[in-house]
Amino acid sequence: MKKPYALGRWIGGILPIFVGILVPASVLASDWRSALASTRGETEIWWRDGFPGLVEDAPWHQCLLTGEFGMVFDMEALSILHLGALAPERDLFQLPPADLSLRLQVDEKVYEAIAGGPWTKHGGPRLVESGRYFQRADVTDLVFKAEDGSLLNVESRLEFSAWDDRLNWRLFAQPGNAPIPPGEEAFGKQGGGYGLTGNNHFELGAEEVPDSPEFTYSFWVFVPEDYQATKISPWLFCRNRNELADGNVGVMIGARALPQAKINIGGGRENAHTVKSSRPLRVDAWNHLLLSYDGETFRSYVNDRLEGEKKIGVPRKPSPAPIAFGRRQDNSGTGYYFRGVVDEIQFADRAMSPVEIRRAPAEGLVASRSFRIDGVSSEVRPRESWGSASAVIELVQGDKAWEKKAAWKAGDETLTAEIALDPAPQKSSPVEPRIEVRARTIAGDEERPVVFDPAVGWHRINLDGVVPQPPEANGELGSNDGMERVWVDLENPTEELAVARLLLEKTAGGIRHRIGSPITGVSAVLRDDRGFPTGIPIQLSKNWHNDQGAGEYAGLWFHGVTQIPLPAKSSLRLELSIVYGHWGGLPAVSHAQLSLIGWGSNQRWDQSALGSWGESICFEPDQIQGKATVTDVRPLMVTPMSGNGQWSWTHNVGGADFFRLYDAAGERQYHRAMRTRYVRQGPCLTEVTYSGRIRKGMEHSITVGLGRTDDLVRGTYRIRLDVAEKVDFSRFVLFQVGADSYNKTRERLFAIGDDAGLAEEWETAKDGVGNLGAVRVLNPKGGWVSLHDASNPNPDEKGAWANRGIVIRQWKARLGGKEVSPHVVEHRSDSSWSKGSTFDVVPPPGVKTLQPGDFVEAVVEHLVIPQSAEDYYGSNEALRSALSDHGNTWKMVHREATGNTRRVSMKKGKLVHRFPDVRIATEDSAAEFKIEGGVGYVPVMLTGLSRPDRFEFLLDGEIFDQSQHGNDFWQADFDPDTATWSLTFNIPGGAKEQIVEFRPRD
């Protein structure tokens, strides 16, 4: 233990920054904190009536709300339905409309945008990044139409981004892809190629390409994004009818452009063999494909890489059959047509590799086919040609108008026009930077690039390549304790308060953390120049998806967004700490918005993580993909999916949902108007609230939290439902582990109990649909459910599996007009994504109507538990011992239910709640209490503090210190509602009573 902290002022001594001006820290401390308290800056974005691709009657209306203004934008019609400043008596949906006009003039002809593109895997309305301060969304594939009715072939998108006082619109346009001409008019790899348009093909006769027992087929193919001409996966080439015919060879392209090489030796389904590629073909690019058979093994190469092989070991009988390119050879059904270009086709009578066929193409070559020698070669798909072009973006509201015109210049790739405004006073938003920003690494003292982006209004601080430094004590790069530390110096030289808006940015090549999957757990903390967390929030957004064809914003990136108010004529130095695996020696927690651009869906997906070794719990509040709120769930520090090693992704045992309602006719009533509020994003404790409604008369919210610990994933959900009108239902699930529509594991045993132990254990059903077995009553005080003896539905996969469980920590409910206890039932769905049983918390039997005034208020822990001590490689010996004694049984959940009860007795301060954190409202910024119980590490939060520094935190009379990089083990959060701070510590749990003292120091 170390001596008590005697924390100084906000900025110690005097601070020379930029121009050598010495600013007294005491003045900065007072003025800066007051400025923070007076500047809220929060924003929200959501779908007005739920996501239209899921909720049948919901329009494509996206709502934007800040402390200063609001907007409702029709993403389909590209119209602003409501826009303006907000006042206490002014509702968002009472704001006046505004006229938005987007025009392109190409070669003297004017086109106007009439619609946004439809929602597809990679197109249409997309959420780019979202959080506490900054929102960015776009819509792609805009439709531009001229007065004569003609449409412009253009690749375009409209983006809007918003701070609390700034709205920016940007129109991007470039010539669209030229259509692929049919036949030998197409561009090629060398000279011309052969264009396959989705309704044509070409065929080589059997006499043109002699077949042989051993072979090599080699060719180039250009794969456009719309390669699939019908809903059925196309054949790129196919010899001899179809995959069930003896002698068949070919390539089919499946979903996500994944090629499947096929061969049949002997005829029939039992002799049909497929080698699937794990990597997709490059979209809008050339790909080299090669298939070979040497009499023993069938091999498939894509772009010079062996994608798979299958040992067949059967002599192949040559097939005197034709070869079709662009469809299945028998032309059955839709024909399985392909759209794209093929070129440089070669056939050999022996098995060759890509290297061999390039070095000695004539050896064994029996046939080849090229196309027009005088044709056009192109590595990219040719675009339409614009002689001249310009773009106009215009916004008009009443007597005010904003307009920007941009001209196409020779050599430009994209035509861009943009406007920025402050919708509250309705004036053009200033683009000049008023605050000066500099950044330097602490290790190595290297200056980082800082660029002001006037379009968005932030300073971009490039953090690519900064190497995480280990604590001085261990000195080993690649440690989970490694942290990136960067000085950020701010100066406001103006005569008025100004806000520094910062983008803390990393891209794919810039992450240098050498252990785990770093971006999955990356978070950021702003500390003062002595290393004390300041409580200034940093919005976390990230992406790691790179599906080809996704366009702008696909790929791996991290964005930390923050805004810092600075008083007039003041300076401030902060330390930016980028956290990965550990914070203060324990796995850090983070909760970030994860952009899905490059994956698909492209709507809100949140990802929380313990450490940086993969996801822990994922949330999709609009329920778009898995039709459930909780999607992927993964255990902590167990053998990864690869089957060996440590610090990597573990298997998904996910699926859970809240308030799943089916009306009297059995129709699912989806969640609507789901709003997200990020309160805390780590690294000691997360807190995020998703709130919305079902129909018109049911308001609900779910506050999710995850605490820093070293044993297991322990998500806590505070749920609330309020019913305002009568609702008849056929089925209503208050909470379920495993979801009807998303359940990635199969448990063989269920059990329930309470503090006293086991009440009942039973085998899960092997078949059936619906509620199975009895509806059981669960103790509302400490009742628990264990879902154990789980197995992977894919038994051939490697890596550890995990069990699941829940503990009800708090329960109060009135359903059907009566107070009720939680009831539980086993349920099975016939969904292809959910074949096993779920465990549902439901109303009592006989309750089929909700009455006005009904409610549910509960706190539920969601547990993800390793199955054996051998699987777990973490440092928590108590968990390891418990797994040795009780692994893969209900006793692990019972251990959590009883051991993590957290008994608290107060001497000074007020106990607010015990889950997910023990939260104490301080008295005059001080508190004293006793705590007993807790499994792993227990988050303890002190609220109502007048400042985030100058304090002592003692455990059993000794200063509590977990620091690795100096004061890096607690979390500070500023509360703009109360203009106070909270501090969160994670203390070791246990049966022994511990005395906690927190007090300010002068």
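Strand β12 gives the most to the lining of the largest pocket, with 4 residues. That pocket holds about 1600 Å³ of space. The model is predicted. A search of the whole structure also finds 11 cavities of 30 Å³ or more. Backbone points of interest include a cis peptide bond from G682 to P683 and a positive phi at S601.

**Largest pocket**
- The lining of the largest pocket counts 46 residues.
- Nearest the centre of this pocket lie D141, E155, E225, D284 and G549.
- By class, the pocket lining has 18 nonpolar, 14 polar and 14 charged residues.

**Largest cavity**
- The volume of the largest cavity is about 230 Å³.
- Its lining is made of 23 residues.
- I536, P537, I538, G682 and D973 lie nearest the centre of the cavity.
- β36 (523-527), β48 and β70 (971-975) each give two or more residues to this lining.
- The cavity lining divides into 14 nonpolar, 6 polar and 3 charged residues.

**Cis peptide bonds**
- The bond from G682 to P683 is cis, with omega near 10 degrees.
- P683 sits in the loop between β48 (671-681) and β49 (686-694).
- P916 belongs to the loop between β64 (910-913) and β65 (918-921).

- S601 has phi near 80 degrees, a positive value in a residue other than glycine.
- The loop between β42 (589-594) and β43 (606-610) holds S601.
- S601 counts as buried because its relative accessibility is 6%, under the 20% cut-off.
- A673 is not a glycine either, yet its phi is positive, at about 50 degrees.
- A673 is found in strand β48, an element that gives two or more residues to the lining of the largest cavity.
- At 13% relative accessibility, A673 is therefore buried too.

How values were computed
Residues are numbered from 1 along each chain as its sequence is written. This is a predicted model: local features need pLDDT of at least 70, side-chain atom pairs count only at pLDDT 80 or more; totals for chains, interfaces and linings use all residues. Side-chain values use heavy atoms; hydrogens and water are left out. Buried means under 20% relative accessible area, exposed over 50%, partly exposed in between (1.4 Å probe, protein chains only). On a 1 Å grid over the protein atoms alone, a cavity is a set of points where a 1.4 Å probe fits but cannot get out, and a pocket is an open set with protein on both sides within 12 Å along at least five of seven lines; lining residues have an atom within 4 Å of a point. Grid points are joined across faces, edges and corners, and a volume is the space filled by probe spheres set on the points. Ala, Val, Leu, Ile, Met, Phe, Trp, Tyr, Cys and Pro count as nonpolar, Asp, Glu, Lys and Arg as charged, and the others, Gly among them, as polar.
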